[in-house]
Amino acid sequence: MLLLRTLNSGRRALAFNPRLVRGLAVHAATTPKHTEVSNPLAAPVLLENMTAAQRNAAAMFTMSKARGFLPRQDPLAELPSQFAVVESLLRRMTIRQPDGSRGLLAKGEFGSSVLRELDGSTTEAVLKAIETKDQPLISALFRDYCFMTSAYLLEPIDISFRATGVYGEGRDTLPYHLAVPLKALADELGHFPFMEYASSYALVNYKRVVPGGSTPEQLGDIKSWETDNLRIIRAFEDPEGSEAGFILVHVSMVAYTGQLVTAAEETLSSALKKDREAFNKGLVDLNTAYTSINLTMDTMLVCGGGVAQLITSTSATRFRSFIFGSGPKKMNSMFPNGVKYEGVSEEPQYFRGESGANDSIVPLGDNLLEITAHLPKNELASILRDFRKYRPSAQRIYIENLEHRAVDAGIAKFAHLDDHSLGEASTALPRQFVLTNSLTQLCTSSPWIKFVTFASDTGASRRNTSSSAVTTPSRLEALLFHSKVIRAHAIAQKNQLLEEVAKLKAQVLGKDDKRVLFILFLLDRRPLTAQESMMPYNAALPAPVWRGKIAVEEAVTLPELISKCSAPAYSVGGLGDKIGRALVDIHGRIEKMDQLGIEHMILSETSPGPQGCFDQAEAEALATRANDYLAAECAKNSARFSAYGSLSMHDPNDVQSVDGPNGVKFYDQPEYSIFWKTIAELDTVVYIHPRTPTPEIVEKFWEGRKWLNGASLSFTFGVAAHVLGLCVNGVFDKHPNAKVMIGHGGEIIPYNLWRTNHRLESFARLRGMPMQHDLRHYLAKNIFITTSGFYSDPGMALAMTEVGADNILFAIDHPYEEMEPATTWFDALQMNNNDKQKIGRGNAIRLLKLKLSA
């Protein structure tokens with residue numbers, strides 16, 4: 001039994017129809033008011049077949065051959081004066097205001113503004129508007145109340161995400177003056193009382209700068225539907241930002257659906273009539289429309305607004321929090337108890353979020369070509385069918401009707417009749433059918449392959465607003481039903497996508513993991529500019545300082561060595577003097593550390609250090625002086641500083657190495673076995689830092705290309721050769737507890753890991769290589785990398801994929817690198833809080849045995 005409550009006198013109470021509430025609410029269109037077509041084989045009632053009076057009274061999403069799945073006329077862009085409060089809230093709501101200031105959502109003030117400003121007069125105005133049956137107005141009101149509802153319920157989630165990188169819980173009660181009008185509008189239109197792709201977020205949320213068509217029902221020039229001529233009406237981010245691109249590309253795609261509907265009807269009609277020529281033409285027209293849609297979708301992938309571009313620039317996070325749903329039930333940690341609608345029902349409600357998967361473009365092709373009829377009966381197929389409930393009733397009825405009509409007409413069978421019985425006209429026919437199958441499959445798999453980067457949870461509770469991705473393997477299985485011609489191609493694509501799913505499952509560490517995984521899609525796109533890579537995830541809202549960071553590769557020097565250290569190499573423009581002063585000013589760093597959230601620094605004697613001394617006794621003495629100096633300085637403020645011990649390495653047995661000005665020593669050789677045995681027994685870590693090559697190496701490798709000598713390239717080569725040498729020569733197999741740490745994003749090792757490992761396993765092992773495992777084993781157990789001087793989003797994504805959060809540590813490389821760029825990048829890095837805690841702090845405490853709280 002549903003309980004109603006009227007909170008204040010004068011309020012109306014609306015009930016969820018008991019037939020509509022069973023866990024996830026059943027669509028309102030299943031009530032008698034919105035009766036489905038009783039004959040599933042009946043031809044649809046299209047706008048073109050209606051009288052003028054019928055068209056004026058028709059629902060906004062009544063289907064037509066002209067506008068397809070678009071509303072029958074462009075949506076109302078501004079509400080009448082009686083809804084001034086709603087208009088004001090929506091204009092002030094956006095994260096970034098037109099003048100650059102912060103809106104209500106940016107300040108966390110939208111919820112309180114709603115409670116303060118929305119009252120009974122506005123609610124009564126909505127109920128009166130419903131009585132007028134003015135479909136454009138009712139549709140616009142539903143859009144606007146959906147935007148306010150999502151903003152109200154999800155505002156705390158966005159606040160949590162901006163502060164911590166983790167999605168928190170949303171509000172679990174929708175206040176009366178949002179709930180009652182929204183439910184009434186939803187009932188009138190046959191929608192769920194929550195944000196939907198077509199009816200609120202995208203397809204009634206545009207306006208054309210230059211209108212097209214002489215009457216509202218006409219599509220007009222297709223160029224009037226290009227994104228340059230479109231603007232969005234409502235936004236969470238701002239009307240000109242990446243959210244606009246995301247929405248408007250979908251609108252541009254749907255502008256071609258009139259062609260899809262026309263071609264689908266022609267194909268069905270000709271199949272029933274056994275008209276081979278007309279049938280083939282229908283498929284050709286369908287191909288043309290899908291090709292245009294795919295080309296439009298490509299603009300989303302390579303230019304403004306697309307999800308791939310959004311993830312690259314991290315700007316998707318500016319609005320994505322607000323398009324999540326409150327369901328599925330028991331599988332959404334943001335709304336563990338659903339949402340109660342005040343004045344409507346005491347029963348919590350659960351609704352899926354906005355999703356392009358609610359679009360009807362792909363389902364039209366799937367149903368016409370009998371893909372849907374052959375979907376396997378599994379959970380993924382069920383999710384696909386569930387998402388199809390979240391459509392305007394006219395579209396849903398048409399799509400479901402199309403599935404039955406296609407099976408009745410025998411579309412697939414007619415396309416695959418024996419070529420000999422069909423004559424010459426048949427030779428192109430199966431190809432057209434296959435091509436149409438492939439194009440509809442591309443509409444689904446292309447976003448999946450490009451957008452696979454957004455995986456936020458395991459199982460059915462993934463924090464993904466779209467379901468098209470997870471249904472793609474099932475679609476491909478159904479696609480195999482049709483033709484041997486595409487069987488091999490489809491199997492290959494299905495396997496590729498299943499591998500992607502497995503990769504995501506392996507890398508998502510738990511239900512609260514919200515990591516943004518780039519999964520290598522960046523490799524086939526232009527690289528980020530330095531400015532983009534450093535850009536905080538929300539330019540309008542700078543990322544909060546992530547406090548408690550431990551920086552593990554920070555340089556100092558004995559004052560007596562300032563003339564011998566690396567600082568003179570930076571002499572251009574006086575930079576060397578600045579670095580030199582910073583190298584000896586240890587405690588002067590604290591003010592900047594406090595400002596940037598750095599709790600602790602691990603200091604080390606900068607290069608060349610003892611390795612720059614060619615005399616063993618001199619090197620050992622220098623190492624002792626450096627260690628004594630650092631110990632004394634750290635003792636002055638042990639809460640803020642620790643230090644590595646310097647080793648000369650000239651004599652492995654004394655653990656105190658360089659043979660002369662042109663000598664080279666590698667620590668993977670047998671004479672250093674005693675050193676690694678000691679390191680393993682001490683359970684400590686060796687930080688291998690690069691230094692300037694010896695004169696002989698400079699002459700042979702870097703003379704004539706001096707700009708590459710140093711941090712730009714030669715440092716990387718030297719350290720990578722040392723560390724990989726430890727692996728291939730079996731040092732970590734002999735001393736499995738030995739550990740090394742290297743900086744600068746792993747000195748190119750993670751990026752080249754696949755190829756290095758592939759060649760070692762393919763050829764080196766055949767030639768007696770001592771290494772017992774593959775390289776990934778040592779990266780997981782013995783090798784740790786840091787972020788020093790390597791502040792790259794794609795680089796971190798790759799490191800997370802190949803190395804993992806347990807073996808990455810935050811570092812700066814100060815003073816050779818400035819503190820602020822390093823901390824700004826890390827603070828804004830899109831990563832779940834658990835992994836960020838490990839990289840920014842926890843791994844250092846564990847690995848270096850720091851006496852700091854975890």
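Me: Before we look at particular residues, what makes two aromatic rings a pair in this predicted model?

Reply: Rings of Phe, Tyr and Trp, the last represented by its six-membered ring, pair if their centres lie within 6.5 Å. With that cut-off, a search of the whole structure, which is a predicted model, finds 19 aromatic pairs.

Me: Which residues form one aromatic cluster?

Reply: The cluster is formed by W546, Y791, F810, W825 and F826.

Me: What makes the charged end of K836 count as sitting over the ring of F826?

Reply: The charge has to be within 6 Å of the ring centre and within 35 degrees of the ring normal, and the charged end of K836 is 5.5 Å from the centre of the F826 ring and sits over that ring. The charged end of R276 likewise sits over a ring, that of F414, at 3.7 Å from its centre.

Me: Why is L76 called partly exposed?

Reply: Buried means under 20% relative accessible area and exposed means over 50%, and because L76 has 29% relative accessibility, it counts as partly exposed. L76 is found in the loop between α1 (52-57) and α2 (84-93).

Me: Which residues is L76 in contact with, leaving aside its neighbours within four places in sequence?

Reply: With those neighbours left aside, L76 is in contact with P136, L137, A140, R143 and I233, where contact requires heavy atoms within 4.5 Å. L76 and L141 are 65 residues apart in sequence, while their C-alpha atoms are 9.1 Å apart in space.

Me: How do you know that the buried residues of α25 are on the same side of the helix?

Reply: The buried residues of helix α25 (residues 673-682) are F675, W676, I679 and A680. They cover an arc of only 130 degrees around the axis, and therefore they are on the same side of α25. The face turned away from that buried side carries the exposed residues E681 and L682, and what covers the buried residues includes β9 (685-687), α27 (714-728), α28 (731-734) and β10 (739-742). Just after α25, D683 takes a positive phi of about 55 degrees.

Me: Which residues touch the most other members of the largest nonpolar core?

Reply: Of its 112 residues, F110, Y145, F236 and L364 touch the most other members. Helix α6 (residues 135-164) gives the most to this core, with 15 residues. Another core, of 67 residues, lies apart from it, and its members include A551, M593, F675 and A720.

Technical notes. Residues numbered from 1 in each chain as written. Predicted model: local features only at pLDDT ≥ 70, side-chain atom pairs only at ≥ 80, totals over all residues. Heavy atoms only, no water. Helix = DSSP H or I, 4+ residues; strand = E, 2+ residues; numbered from the N terminus. Buried < 20%, exposed > 50% of the residue type's maximum accessible area, 1.4 Å probe, protein only. Arc of directions from axis to C-beta. Phe/Tyr/Trp six-rings, centres within 6.5 Å; stacked < 30°, edge-to-face > 60°. Core = buried A, V, L, I, M, F, W, Y, C linked by side-chain atoms within 4.5 Å.
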